[in-house]
Amino acid sequence: MGQNEREENGFDPEDDHNLKREEEEVGDELSVERIFEKQQVPSWRKQLTVRAFVVSFVLSILFSFIVMKLNLTTGIIPSLNVSAGLLSFFFVKTWTKFLSKSGLLRLPFTRQENTVIQTCVVASSGIAFSGGFGSYLFAMSERIAKQSTDDVDFKKLALGWMIAFLFVVSFLGLFSVVPLRKIMVIDFKLTYPSGTATAHLINSFHTPQGAKLAKKQVRELGKFFSLSFLWGFFQWFYTAGDNCGFESFPSLGLKAYEYKFFFDFSATYIGVGMICPYIVNISVLVGGILSWGLMWPLIEDKKGEWYSAELGSGSFSGLQGYKEEKDVVLGLKDSNPDGIDVVGLGFEDVGFNGQ
């Protein structure tokens, strides 16, 4: 049947192209699994190796610094699953290759062990963000309390209660993930994009073609890491203090600079912008223009009417209080409908199973 006849019969060539692409993807997935079908899955004791914990510890420190840097600057934390899986594969593969040449290698490096390392790294770096080290832990401190009129009600940061608090935060997520997995993944069969992508990536790393690709990716990663480090080191020579140098360049004028409109030459923002979806970048840009360019100047003009004119700009009883209140309201407005929807689906599923 010719192409014209197929189109007359209602057949869309685009559907044919998509069908072939899906068949190729399924074929690639099956071919990757055939490579491992004769390999026996190691027991959990063999997956939890000393080298896995050593590499996890080193990468966790590295990724925690990255998360804290992003948390204190951009406030946007992209998914680090793929990066953690790639670097864990590279380090352990280099380790095992060296031991193999020395004749000291006992256990081969498996994709299960790779997954263990990736999971430990992502969990550790996730605690750096969800634990509030760049947000609410600092908000409870004495230094922040002194910026408001209530300088008595604060919590002094101490290592003991912070560790207990992090255990509560971490296990709360663990207990909530199990029922959510039952509802979202098993019952509704929804895909988990970052987890699925990480699984396919780790599987491909442990194939001959994937190992070559991983080596190229790590080489490119090292190249851009070096460029970013050298650029940051160059900027350091021209930074005399806070809000100085290339970090706060008044590209739109000094009046706009007073309302925080300036250009930051940090490579961090370029990397985060490339990783995050375009809708996130656009929403951050529009939100910055509406808040810092429109709302805060209008509220600042109400000084003396809405709040005392004697208060500083950083006081929570003044302009800063309006900023924080709006942020909390927007966060609750965005998260509450989703939470109510998930809880409602959970009760609906429980009632359906009961019937």
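Does Gln-217 count as buried, partly exposed or exposed, and what is the relative accessibility behind that class?

## Gln-217 and the model

At 29% relative accessibility, Gln-217 counts as partly exposed; buried means under 20% relative accessible area, exposed over 50%, and partly exposed in between, with a 1.4 Å probe and protein chains only. The residue belongs to helix α11, where helices are DSSP runs of H or I with at least four residues, numbered from the N terminus. Gln-217 touches Leu-86 and Phe-205, not counting residues up to four places away in sequence; contact means heavy atoms within 4.5 Å. Gln-217 and Leu-86 are 131 residues apart along the chain, and their C-alpha atoms are separated by 8.2 Å.

The model is predicted: local features need pLDDT of at least 70, side-chain atom pairs count only at pLDDT 80 or more, and totals for chains, interfaces and linings use all residues. Residues are numbered from 1 along each chain as its sequence is written, and side-chain values use heavy atoms, with hydrogens and water left out.

## Helix α6

Helix α6 covers residues 111-130, and its end C-alpha atoms are 28 Å apart, which agrees with the 28 Å that its 20 residues should span at 1.5 Å a residue. The expected span is 1.5 Å times one less than the number of residues. Buried residues of α6 include Val-116, Ile-117, Val-121 and Ala-128. Just after this helix, Gly-132 has a positive phi of about 80°.

## Packing of α4 on α6

The helices α4 and α6 pack at an angle of about 35°, and their axes are 8 Å apart. Axes are lines fitted to C-alpha atoms over the stretch in contact, and angles run from 0 to 180 degrees between N-to-C directions. Among the residues making the contact are Val-55, Ser-56 and Leu-59 of α4 and Ile-117, Cys-120 and Val-121 of α6.

Ser-56 lies in α4 and is buried, with a relative accessible area of 5%. Ser-56 touches Ile-117, Cys-120 and Val-121, leaving out residues up to four places away in sequence.

## The nonpolar cores

A nonpolar core is a set of buried Ala, Val, Leu, Ile, Met, Phe, Trp, Tyr and Cys residues joined through side-chain atoms within 4.5 Å. The largest has 19 residues, of which Leu-59, Phe-63, Ile-117, Val-121 and Phe-205 touch the most other members. Elements giving two or more residues to this core include α4 (50-73), α6 and α11 (208-236). Apart from it lies another core, of 5 residues, among them Trp-296 and Tyr-307.
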